[in-house]
2 protein chains.
Amino acid sequence: MADRKSRSPTIIDIAAAAGVSKSTAARALSNAPNVAEASRKRVLEIAEAYGYERNHLARSLRSGRTGMIGLVIPDLANPFWAEVARGAQDEAARRGASLLVFSSDWNADREAQHLRALRQARVDGAIINPVADGSDDIHRAGLPMVLIGSSAERFAQLSSVGSNIAQGVAIGLNRLAEFGHLQPALLLGPPNRLARVRFQRVVHDHCVARGIDPATLPVEEGDYTVESGRRAMIRLIGRAEQPVRCVFAANDLMALGAILALRDLGLRCPQDVSVLGFDGIPAGAYAAPGLTTVAKPARAIGTEGMALLTEAIDGTLDHRRVLLDCHFVERGSLARPDHAGLPPEMRNDHAA
Amino acid sequence: MADRKSRSPTIIDIAAAAGVSKSTAARALSNAPNVAEASRKRVLEIAEAYGYERNHLARSLRSGRTGMIGLVIPDLANPFWAEVARGAQDEAARRGASLLVFSSDWNADREAQHLRALRQARVDGAIINPVADGSDDIHRAGLPMVLIGSSAERFAQLSSVGSNIAQGVAIGLNRLAEFGHLQPALLLGPPNRLARVRFQRVVHDHCVARGIDPATLPVEEGDYTVESGRRAMIRLIGRAEQPVRCVFAANDLMALGAILALRDLGLRCPQDVSVLGFDGIPAGAYAAPGLTTVAKPARAIGTEGMALLTEAIDGTLDHRRVLLDCHFVERGSLARPDHAGLPPEMRNDHAA
DNA sequence: GTGAAAGCGCTAACAG
DNA sequence: CTGTTAGCGCTTTCAC
């Protein structure tokens with residue numbers, strides 16, 4: 001059982017030891033049908049005994065397939081994206097593939113750099129959340145790709161998967177309406193980003209459909225961080241004209257910030273002010289009150305992305321846009337307005 | 001500029017177009033010193049124009065180095081491990097390497113399976129958090145490895161990096177003592193796991209050093225989930241002999257559960273009961289009150305692990321055990337005991 | 001400085 | 001069913 005040069009054994013070693021040719025050994029090792037049962041058995045035994053491990057590099061070089069998939073997301077440490085990555089990784093494992101993971105930090109240069117690494121590694125394909133600007137690299141990436149996230153619609157010729165924002169916003173607004181909140185304040189992200197534009201447009205359409213003037217909804221903006229949400233909430237409460245009784249935040253982190261701000265301001269959530277988030281991050285469950293939110297199908301985005309990518313690689317399908325439904329998570333940050341505990345100047349509730 | 005067969009161009013295409021031999025092209029492309037400046041320039045230009053991208057597979061096959069690193073953690077979707085992964089990935093990127101990420105779900109079979117994938121992919125090395133039991137595969141993995149996490153000490157011959165639990169527990173207990181909590185209740189993980197044994201031993205030593213009988217500390221156990229923490233807290237409060245005024249949980253999730261339980265029970269945190277966590281997950285910041293905790297250096301574990309691995313690969317160093325310090329994060333779940341708000345039967349505070 | 005040639009470990013025709 | 005023969009694209013002696 002001595003290994004020839006204390007290097008890991010190659011198929012040649014196995015073939016020699018089994019007294020067959022390279023090809024027969026190869027066939028046995030890859031479960032090809034045309035091998036004598038005796039030969040196969042012997043080769044497999046020898047391989048086992050030698051601790052033979054197929055060299056995937058050589059295999060890939062020859063076959064043109066590496067079994068590796070690239071994943072480029074903004075930030076692996078962000079719970080939403082970590083969840084997406086986990087989904088992609090599970091599905092990859094199920095298909096016998098491996099996942100190369102990169103974080104772009106919303107930075108176009110880094111994204112380009114990672115794409116280059118993927119191309120050099122000759123991955124079979126990639127799942128990418130393109131950064132907002134200057135993603136022209138995406139077009140000439142020259143490898144099968146699936147886009148995830150909202151910016152996907154700029155690349156009509158590629159498959160993509162995202163969450164159904166329209167449906168998500170709709171269930172959120174409907175649920176708010178059931179609580180009597182017809183004109184929630186909006187906590188939006190930075191201007192000019194596709195995600196914000198989309199969110200706002202959906203709210204707009206929804207209001208119009210319900211006969212509400214969208215312009216009457218108070219709007220503040222943040223940058224998707226807890227701190228920005230906290231500050232935005234403070235600004236909202238400070239508005240002289242129209243103190244706010246309900247807030248719909250464009251993401252959970254800002255919603256959490258809003259809840260913190262309310263506590264600091266001595267206002268009760270949800271009795272005084274209701275807060276609704278959007279994302280579904282686990283942290284929302286531990287806030288006080290628990291954050292009610294519209295959850296995006298993060299993990300499913302990862303698995304579905306991988307499924308689409310496989311199709312793209314196999315050439316089974318040209319391209320397709322998949323939208324996955326969001327679902328509502330009720331946890332306690334929503335209530336009917338309760339005037340009792342409010343200071344008088346805040347009792348002009350316009351949604352009662 | 002026409003690509004020969006619409007396949008991505010190889011070094012042969014470039015060499016031909018530049019009117020030099022394969023070897024010269026290769027030298028130019030890899031910044032070798034012995035190339036005429038003129039040749040180098042032309043090759044580089046042609047390569048650029050053709051959009052040539054070095055085939056890493058072929059390169060690796062020849063050189064024996066892939067520039068790929070494997071990372072096997074329990075769960076990529078767990079915020080702590082996601083943070084570790086991010087650290088490893090950053091450091092990998094800095095060194096021009098790529099990261100193959102796998103989740104084992106604390107399952108030995110899956111771990112073995114992933115290790116095999118790594119070996120077949122001929123990664124240069126791997127960073128692994130071994131599952132508790134049956135990790136004999138680890139020994140005969142036959143590739144440079146760095147272990148992360150508490151179970152590392154079972155493999156003395158390998159480099160490893162973990163958090164300095166002893167130091168972390170010490171600062172936690174010291175801070176508790178400053179608040180007058182000398183005999184906190186302990187919320188531990190499942191029995192017989194190394195992590196628990198270690199945590200408990202450190203607390204034990206610390207108490208002895210302070211002249212406190214470790215046996216007097218109330219103990220409950222959970223399985224590191226929020227729900228188990230909640231239930232454990234309820235059990236603690238229910239203890240007739242010695243109602244609890246302070247809890248030190250072995251991880252943040254259970255601590256969060258404890259805070260939720262207190263709220264349900266109508267007890268105030270921290271005035272009635274103080275809660276201290278261990279981990280430093282971001283979610284702790286959004287609880288009410290914010291969870292005070294001992295934070296493990298998650299990201300640093302990733303970066304340091306990668307640094308150690310590089311040494312192991314280069315053969316610079318045989319093996320080394322690195323312990324990274326924890327740090328204290330004060331957020332509001334700790335206070336001096338306040339008898340005022342307590343029901344009479346809970347006023348027998350033994351730490352006052 | 002440059003080119004010719006060998007070969008990393010494997011798969012894929014093509015004959016037998 | 002099995003062996004022989006070419007390479008996959010690149011690095012790396014070794015001559016010139």
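In chain B of this predicted model, the axes of helix H2(B) (residues 22–29) and helix H3(B) (residues 37–50) come within 9 Å and cross at roughly 85 degrees; axes here are lines fitted to C-alpha atoms, for helices over the stretch in contact, with angles from 0 to 180 degrees between N-to-C directions. H2(B) and H3(B) are therefore roughly perpendicular to each other, a term that covers angles of 65 to 115 degrees. The contact (C-beta atoms, placed from the backbone, within 7 Å) involves B:Thr24, B:Ala25, B:Ala28 and B:Leu29 of H2(B), which meet B:Ser39, B:Arg40, B:Val43, B:Leu44 and B:Ala47 of H3(B).

Helices (H or I, at least four residues) and strands (E, at least two) are DSSP runs, numbered from the N terminus. Chain A holds an open sheet of six strands with mixed pairing, in the order E7-E6-E8-E9-E10-E12, where two strands pair if DSSP finds at least two bridges between them. Its edge strands, E7 (219–221) and E12 (327–329) of chain A, each pair on one side only, and the twist averages 20 degrees from one strand to the next.

Within this sheet, E6(A) (residues 185–188) and E8(A) (residues 246–249) pair in the parallel sense over three bridges, and A:Leu186 has A:Phe248 of E8(A) as its bridge partner. Helix H8(A) (residues 165–178) packs on the sheet, touching E8, E9, E10 and E12 of chain A, and its direction makes about 165 degrees with that of E9(A). Helix H11(A) (residues 252–265) also packs on the sheet, touching E6, E8, E9 and E10 of chain A, at about 160 degrees to the direction of E9(A).

Residues are numbered from 1 along each chain as its sequence is written, and chains are lettered from A and ligands numbered from 1 in the order in which they are written. As the model is predicted, local features need pLDDT of at least 70 and side-chain atom pairs count only at pLDDT 80 or more, while totals for chains, interfaces and linings use all residues.

Notes
Angles under 35 degrees count as roughly parallel, over 145 as roughly antiparallel, 65 to 115 as roughly perpendicular and the rest as oblique. Two residues are in contact if their C-beta atoms, placed from the backbone, lie within 7 Å.
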